[in-house]
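Here are my notes for you on this one. Have it open on your screen and follow along point by point.

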Amino acid sequence: MLRAAGRRFLRLGSEHRAPTAAVAARAYHERVVDHYDNPRNVGSFDKNDPTVGTGLVGAPACGDVMKLQIKVDDATGKIVDACFKTFGCGSAIASSSVATEWVKGKHMEEVLSIKNTEIAKHLSLPPVKLHCSMLAEDAIKAAVKDYEAKKAKLEAGNAETTQTEKVDGA
Amino acid sequence: MASRFAPRLLLQRLSTLRRARRTSSILVASEAPADVGGGGLFSPPGPRSALGPRCVSRVSFSTRPSALDERQNPAAIDYRSLMSEEEFHTLADETIHDLLEKFEEYGDAIQVDGYEVDYGNHVLTLKLGSLGTYVINKQTPNRQIWLSSPVSGPARFDWDSTAKTWVYRRTKAALLQLLEGEVGQLCGEPISLR
């Protein structure tokens with residue numbers, strides 16, 4: 001709902017921009033606007049699904065919250081799907097959207113090397129919005145960390161049950 | 001109709017008056033809005049934080065990772081371990097004003113095309129023409145100073161009360177040293193910010 005309202009606001013801005021050239025200096029880069037108008041991978045996975053890792057970063061008080069989720073193929077360690085939900089400015093939304101695009105099909109270790117500078121460059125973010133790209137990088141890392149923590153917990157749980165089974169069997 | 005809104009407006013006005021009247025001396029008793037953090041993800045800051053002193057203990061912000069560490073799930077801010085907003089504003093404003101003065105003096109001394117220092121709404125912008133732009137601002141909910149550097153990208157500095165400096169936890173870099181190093185190198189003339 002917030003995004004729709006924000007989109008309306010953005011569209012309003014662009015309509016009024018045409019007559020005066022001076023306002024154009026502060027425009028969002030077209031890639032950012034593209035991610036806003038054509039959102040990719042917006043959505044949610046079931047966070048209790050063992051193949052899903054959820055990264056939640058930011059704080060509403062700061063004006064930015066990003067939730068980035070990845071779906072991992074247990075066998076290969078590859079990220080087969082990703083989705084996001086972001087509360088924040090256009091740059092934050094675009095940064096997290098780009099992040100979901102870039103992690104798809106990559107191995108978990110590989111995505112940890114995605115740098116905020118690459119995201120910022122891709123979207124031509126102005127200096128004041130570099131923090132959004134860093135948050136997106138953090139979201140990716142948090143999602144991977146969450147998945148690995150869940151996996152470790154599951155494996156510890158499985159190890160315990162096999163031990164008890166052995167004892168019963170004996 | 002007016003009477004329904006008046007109490008809240010009055011409260012807001014009181015809180016801004018209180019903030020304006022206080023001197024710059026560090027408080028011994030600090031206000032901490034102990035109930036706000038409990039709301040979880042979506043408790044807004046602002047007027048509520050001025051609602052009466054709940055905590056009287058003064059907390060100094062050390063370098064050990066606190067609830068504010070961004071690596072952990074940071075969605076809910078633990079206000080009990082934060083320094084007071086008053087103290088933060090005093091410290092941060094002092095740092096930023098100091099930087100503003102020094103950057104202005106520096107600009108007079110060196111020759112860099114497009115050198116411009118801008119300060120508005122507590123945001124300090126240092127333009128170095130084609131060499132890039134620095135943006136330094138306060139991030140009050142986190143009690144941090146945020147920096148955007150054309151050299152090292154974004155960074156978030158917390159106040160280290162033992163070292164009396166602003167430190168970026170991930171790299172252990174100190175704000176003033178970082179700026180001195182980068183700006184000095186970019187512009188070719190050493191600058192002292194400490």
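The numbered points below go from the ground rules to chain A and then to chain B.

1. Ground rules. This is a predicted model, so to speak of local features I need pLDDT of at least 70, side-chain atom pairs count only at pLDDT 80 or more, and totals for chains, interfaces and linings use all residues. Residues are numbered from 1 along each chain as its sequence is written, chains are lettered from A and ligands numbered from 1 in the order in which they are written, and side-chain values use heavy atoms, with hydrogens and water left out.

2. Chain A, the outline. You'll find six helices and three strands here (helices are DSSP runs of H or I with at least four residues, strands are runs of E with at least two, and both are numbered from the N terminus). Starting at the N terminus, the order is α-α-β-β-β-α-α-α-α.

3. Chain A, inside and out. Of its 170 residues, 36% are buried (under 20% relative accessible area; exposed is over 50%, and partly exposed is in between, with a 1.4 Å probe and protein chains only). The accessible surface is about 9200 Å², and carbon and sulfur atoms hold 56% of that (areas come from the Shrake-Rupley method with a 1.4 Å probe; for residues, only the protein chains shown count as cover). Take the contacts (heavy atoms within 4.5 Å) between residues at least 6 apart in the sequence of chain A: 62% of them join residues at least 24 apart.

4. A disulfide needs two cysteine sulfur atoms within 2.5 Å, and the count over all chains is zero.

5. S3(B) and S4(B) run antiparallel and are joined by five bridges; Asn137(B) stands opposite Trp146(B) in S4(B).

6. Leu99(B) is buried, with a relative accessible area of 2%, and among the residues it touches are Leu124(B), Ile136(B) and Leu176(B). Leu99(B) and Leu176(B) are 77 residues apart in sequence, but their C-alpha atoms are 8.6 Å apart.

7. Two loops to click on. Most residues other than glycine have a negative phi. Asn121(B) isn't a glycine, yet its phi is positive, about 55 degrees; this residue is in the loop between S1 (115-120) and S2 (123-128) of chain B. Arg143(B), in the loop between S3 (133-139) and S4 (144-149) of chain B, also has a positive phi of about 55 degrees. Buried or exposed? Asn121(B) is exposed at 76% relative accessible area, whereas Arg143(B) is buried at 5%.

Key: Pairing = 2+ DSSP bridges. Lists of a residue's contacts leave out its neighbours within four places in sequence.
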